[in-house]
Amino acid sequence: MNYLKITDVHAREILDSRGNPTIEAEVTVDERYTGRASVPSGASTGMFEAVELRDADVKDDDRDSCGYQTRYYGKGVLQAVKNVNTEIKKCLLGRNALEQALIDHMLCTLDGTPNKGRLGANAILAVSMACARAAAKSYGLPLYMYLGGAQSHQMPVPMMNILNGGVHASNNIDFQEFMIMPTSADSFAEGLRIGTEVYHALKKILASENKVTAVGDEGGFAPDLKDSFEVFEYLTKAVKKAGYTPGKDVVFAMDAAASELYQKDAGMYYFPNESRSPSGDTKGIMRSTEELIELYEKLCEKYPLKSIEDGLYEEDWDGFKKLTKRLGDTIQLVGDDLFVTNTERLNKGIENGAANAILIKVNQIGTLTEATEAVRCAQKAGFRCVLSHRSGETEDTIIADLAVALNAGQIKTGAPCRTDRTAKYNRLLRIEEELHYSAEYKNPFSRH
Ligand code: PGA
Ligand code: ZN
């Protein structure tokens with residue numbers, strides 16, 4: 001194997017799309033090629049995710065004397081930056097950047113905790129990704145090709161989150177994300193155009209009814225609407241207004257982010273903004289697991305809803321089994337908080353028939369190698385994969401390259417709005433142009 005010597009490692013604090021600090025790292029190889037990467041951040045984080053180290057969480061004994069715990073309301077990442085610029089740098093200098101798996105393994109060992117809580121998954125991931133970028137650069141290859149080789153030609157179908165709710169917006173919609181997927185297009189560029197036209201059509205409809213057209217964290221609109229049925233009515237209208245057929249050209253997907261709604265004491269899901277009274281004046285209803293599954297069944301009967309993410313609470317394996325039995329033959333059931341890009345948790349899902357697809361978020365697990373392993377493991381078991389952004393993003397487009405490199409088939413990266421979201425779509429447009437005839441775009445739900 002060739003040797004590509006790591007000659008420098010450097011990190012700094014930058015800002016993400018919500019104005020919160022995050023970490024950016026640079027790895028230099030052979031003193032010539034520098035790869036740079038930055039780390040996103042979630043709002044509805046799963047409880048089994050790798051640990052994002054924030055300065056407010058740094059324990060007294062490890063505190064630096066400069067008192068960074070109060071900067072940025074505690075959200076600073078100076079300790080994570082320091083961990084890269086001292087310990088991680090020392091560990092990696094002189095190592096071979098081509099040995100990504102070994103580098104990632106060394107980073108995990110150096111951290112020494114199961115959840116990367118000592119050095120911070122944010123510190124580790126920034127370096128892991130920057131290392132791959134530096135290596136790709138030294139070969140003069142785009143990242144997707146460096147990582148995936150000649151087999152990488154599958155353009156992902158976008159899951160475009162055009163209506164935001166839950167913790168991503170301040171409207172009254174309790175489920176988190178309502179998405180459209182342009183499945184009938186014959187290229188990524190055409191798919192993106194269709195989805196974007198639907199997005200604009202939705203804006204026109206909302207504006208014509210004097211509804212709010214301000215957007216949420218992922219660029220989708222965030223109007224006040226009665227419930228998920230009403231949301232899908234609007235999406236249906238928007239698809240038609242744009243000149244497409246719901247169920248044929250465009251299908252729907254949603255992220256319930258049900259862990260955010262789950263109340264452990266009651267063992268039920270609380271919808272603070274829905275109402276059972278016809279006048280709508282008494283707000284707040286509880287749903288049992290069974291009632292929630294029935295709601296999903298009804299939504300699937302009425303609308304071309306083909307994918308539901310985190311339909312239930314992240315620890316409810318039995319509930320997920322039940323949900324998968326009931327709906328898994330006809331729709332995609334994605335585990336996000338359920339699997340947290342963790343191969344061990346994914347294997348539990350595969351063995352138990354809980355969900356049939358996985359959301360891949362690199363910062364949930366903390367290294368490129370482990371995220372890749374999760375994709376490979378899912379693909380082997382016949383689980384579908386969706387590469388995903390976080391609600392707090394940066395201008396980094398690595399998930400676009402990863403989606404192609406790993407032939408994931410689907411990508412979730414928000415609405416076609418806000419540069420933090422469109423940067424990923426634009427990167428995919430460039431990749432598709434580069435792949436030219438070998439690029440493939442296909443409906444992930446067709447049986448052929
Ligand atoms: P998050 O949301 O990035 O805020 O966790 C995205 C998701 O739940 O898929
Ligand atoms: Zn999710």
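**Figure 1. Alanine 257 is a buried residue with a relative accessible area of 3%.** The view is taken from a predicted model. Alanine 257 belongs to the loop that runs between β7 (250–255) and β8 (262–263). Its phi angle is near 45 degrees, a positive value in a residue other than glycine.

**Figure 2. Valine 340 also has a positive phi, of about 45 degrees, although it is not a glycine.** The residue is placed in the loop between β12 and α9. With a relative accessibility of 0%, valine 340 counts as buried.

Figure 3. Glutamate 309 has a relative accessible area of 1% and is buried. Aspartate 336 is likewise buried, at 2%.

**Figure 4. Phenylalanine 229 and tyrosine 303 form a tilted aromatic pair.** Phenylalanine 229 lies in helix α6 (residues 228–241) and tyrosine 303 in the loop between α7 (289–302) and β11 (305–309), so the contact ties together parts that are 74 residues apart in sequence. Tyrosine 303, at 5% relative accessibility, counts as buried. Both rings belong to one aromatic cluster, formed by Phe178, Phe229, Phe232, Phe252 and Tyr303. The count of aromatic pairs comes to 13.

**Figure 5. Two charged side chains sit over aromatic rings.** The charged end of lysine 237 is placed over the ring of tyrosine 234, at 4.4 Å from the ring centre. For arginine 345, the charged end sits over the ring of phenylalanine 48, and the corresponding distance is 3.9 Å.

**Figure 6. Arginine 36 and glutamate 24 are joined by a salt bridge.** Their closest N and O atoms are 3.8 Å apart. The pair links distant parts of the chain, with arginine 36 in strand β3 (residues 33–38) and glutamate 24 in strand β2 (residues 21–29), twelve residues apart. Arginine 36 counts as partly exposed, at 47% relative accessibility, whereas glutamate 24 counts as buried, at 10%. Both residues take part in a network of salt bridges that links Arg12, Glu24, Glu26 and Arg36. The count of salt bridges comes to 33.

**Figure 7. A salt bridge connects lysine 302 with glutamate 233.** The N to O distance between the two side chains is 3.8 Å. Lysine 302 is in helix α7 and glutamate 233 in helix α6; the pair, 69 residues apart, links distant parts of the chain. Lysine 302 counts as exposed, at 52% relative accessibility. Glutamate 233 is partly exposed, with a relative accessible area of 34%.

**Figure 8. Glutamate 274 and arginine 287 form a salt bridge between buried residues.** The closest N and O atoms lie 3.0 Å apart. Glutamate 274 is in the loop between β9 (268–271) and β10 (285–287), and arginine 287 is in strand β10; this pair links distant parts of the chain, 13 residues apart.

**Figure 9. Tyr139, Leu141 and Met145 form a nonpolar patch on the surface.** Together, these residues have about 250 Å² of accessible area. Tyrosine 139 is part of helix α3 (residues 121–139). At 42% relative accessibility, tyrosine 139 counts as partly exposed.

**Figure 10. Arginine 193 is located in helix α5 (residues 188–208).** The residue counts as partly exposed, at 35% relative accessibility. Arginine 193 and leucine 110 are separated by 83 residues in sequence and by 45 Å in space, C-alpha to C-alpha.

Technical notes. Residues numbered from 1 in each chain as written. Chains lettered and ligands numbered in written order. Predicted model: local features only at pLDDT ≥ 70, side-chain atom pairs only at ≥ 80, totals over all residues. Heavy atoms only, no water. Phe/Tyr/Trp six-rings, centres within 6.5 Å; stacked < 30°, edge-to-face > 60°. Helix = DSSP H or I, 4+ residues; strand = E, 2+ residues; numbered from the N terminus. Buried < 20%, exposed > 50% of the residue type's maximum accessible area, 1.4 Å probe, protein only. Lys NZ or Arg CZ within 6 Å of the ring centre and 35° of its normal. Patch = residues over 30% accessible without salt bridge, like charges linked within 9 Å, V, L, I, M, F, W, Y side chains within 5 Å. Areas by Shrake-Rupley, 256 points an atom, 1.4 Å probe, with all protein chains shown as cover. Salt bridge = Lys/Arg side-chain N within 4 Å of Asp/Glu carboxyl O.
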